[in-house]
Amino acid sequence: MAEPLTTIQAASQIIDFIKKHWKELIVVLFIIALIPVIIFSIAINVLFPQVSREEFKIYKSLTEETDISWDSLVAYDVVRLDNYLKENKPNESVFDLLKVDFKEYEIIETENEISKIVDGKIVTETIIEKEYVVTRELEANGYTTIKDLLNSLDYVTSDDNMTVKKVTDFLDDLNGKEEYEIETSILSDDEISEGFDERHKEWFFALIEILPLIDPTAEFDPDQFIIPDLTDPDIPSIWPASGTVTSEYGERRLTHTHKGIDIANNTGTPIRSTANGTIIAVGTSGNFGRRIMIYHGTDENGTTYVTIYAHLSNFSVKAGDKVSQGEIIGLMGNTGYSKGTHLHYEVRVNGTPVNPRMFLP
Ligand SMILES: [Zn+2]
């Protein structure tokens with residue numbers, strides 16, 4: 001009978017194994033470390049093919065230590081530039097979210113002599129009276145006007161100094177002086193979107209709801225999830241297209257498991273929104289080909305619903321459009337990574353793809 005392995009023998013066997021296979025082990029560890037990065041990149045890529053992970057970091061760093069929320073800033077740029085983020089200058093557009101109410105006074109001092117009778121004697125006192133005359137009053141909003149104001153106050157407006165944090169600190173200090181009355185404030189989301197038309201407004205507010213969910217810290221907790229009322233037209237609850245189901249959610253693929261359901265039919269078969277909602281993305285995105293994303297709102301439990309329709313041949317909606325349940329949004333196709341004409345349909349709850357069957361009649 002073989003001697004049972006002692007702890008020392010077991011340990012030395014492990015060390016031998018590591019010595020022999022260290023190269024492979026490093027590769028495995030490296031891949032494991034990369035998984036969260038890859039998942040996050042994919043999530044971002046699906047939503048905004050134009051915004052890289054690096055750019056998200058820039059947006060976040062620009063709003064750090066300020067009361068500006070990074071998702072408002074990203075949504076503002078995406079909507080303002082109609083998703084064409086190659087022309088974005090977030091370090092400048094962040095100042096569109098800042099408002100400075102500025103007043104400068106000239107203080108005029110006048111000496112007045114006042115004579116009083118104290119104990120039967122005339123006593124003369126000198127009193128200094130101050131008069132505050134407004135010499136400059138303005139409201140600055142946006143990079144250029146705020147920079148002009150700062151220049152006039154002898155603030156060095158180098159790139160390094162032009163951060164919301166440094167600028168507001170400088171203005172708050174100045175506000176402590178007698179000649180100034182300065183109030184800095186961050187615009188609310190309603191104020192930010194004031195200049196947008198209705199469609200861009202809808203798009204802006206939908207993005208604000210969605211953006212925090214693609215943050216890598218956002219989670220979907222299946223235990224907390226209550227299956228919603230499927231008769232509610234705000235909840236995805238109808239078939240997005242007619243056809244044959246060719247692949248179910250959760251099927252194992254070579255590189256991943258299937259995150260949606262595939263429905264095959266002829267090219268040009270109408271694709272319908274499965275609930276009332278707002279279009280948040282229309283365009284081409286990697287393996288999805290031509291795809292549409294719809295935000296269906298957030299229910300009273302704080303649960304958010306998004307649906308994705310991929311591989312389309314054509315679109316009939318634009319980002320920001322409001323759609324009703326059953327409305328045609330595009331046509332079935334074979335774009336992106338797709339072998340044969342079909343629709344890839346996903347339902348995302350709080351950002352996580354779940355089985356669309358839960359939401360189908
Ligand atoms: Zn699919």
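The model here is a predicted one, where local features need pLDDT of at least 70, side-chain atom pairs count only at pLDDT 80 or more, and totals for chains, interfaces and linings use all residues. Residue numbers start from 1 along each chain, following the sequence as written. Helices (H or I, at least four residues) and strands (E, at least two) are DSSP runs, numbered from the N terminus.

**The sheet around β12**

- β6 and strand β12 (residues 328–331) run antiparallel and are joined by three bridges; two strands count as paired if DSSP finds at least two bridges between them.
- Together with β10 they make an open sheet of three strands, ordered β6-β12-β10, with antiparallel pairing.
- β6 (270–272) and β10 (314–315) are at the edges with a single partner strand each, so one side of each has no neighbour in the sheet.
- As background, strands of a sheet pair through backbone hydrogen bonds, either parallel or antiparallel.

**The sheet around β1**

- Here's another open sheet of three strands, in the order β2-β1-β3, and the pairing is antiparallel.
- Its edge strands, β2 (121–141) and β3 (180–186), each pair on one side only.
- From one strand to the next, the twist averages 20° (axes are lines fitted to C-alpha atoms, for helices over the stretch in contact, and angles run from 0 to 180 degrees between N-to-C directions).
- Strand β1 (residues 98–118) pairs with β2 over 20 bridges, in the antiparallel sense.
- One example of a bridge links Lys103 to its partner Glu137 in β2.
- Helix α6 (residues 164–175) packs on this sheet, where it touches β1 and β3, and its direction makes about 150° with that of β3. Contact means that the C-beta atoms of two residues, placed from the backbone, lie within 7 Å.

**A closer look at helix α6**

- α6 has twelve residues and spans 16 Å from first C-alpha to last, close to the 16 Å expected at 1.5 Å a residue (the expected span is 1.5 Å times one less than the number of residues).
- Its buried residues are Val164, Val167 and Leu171. A residue is buried if 20 or more other C-beta atoms lie within 10 Å of its own, exposed if 12 or fewer, and partly exposed in between, with C-beta atoms placed from the backbone.
- Looking down the axis of α6, the buried residues fall within an arc of 70°, so they line one face of the helix; the arc is that of the directions from the helix axis to the C-beta atoms.
- Those buried residues pack against β1, α5 (143–152) and β3.
- Asp172 and Asp173 sit on the other side of α6, and they are exposed.
- Lys166 and Thr66 are 100 residues apart along the chain, and their C-alpha atoms are separated by 9.8 Å.

**Two residues with positive phi**

- Glu65 isn't a glycine, yet it has a positive phi of about 65°.
- You'll find Glu65 in the loop between α2 (53–63) and α3 (70–80), and it is exposed, with 12 other C-beta atoms within 10 Å.
- His311 isn't a glycine either, and its phi is positive at about 70°.
- His311 lies in strand β9 (residues 304–312) and is buried, with 24 other C-beta atoms within 10 Å.
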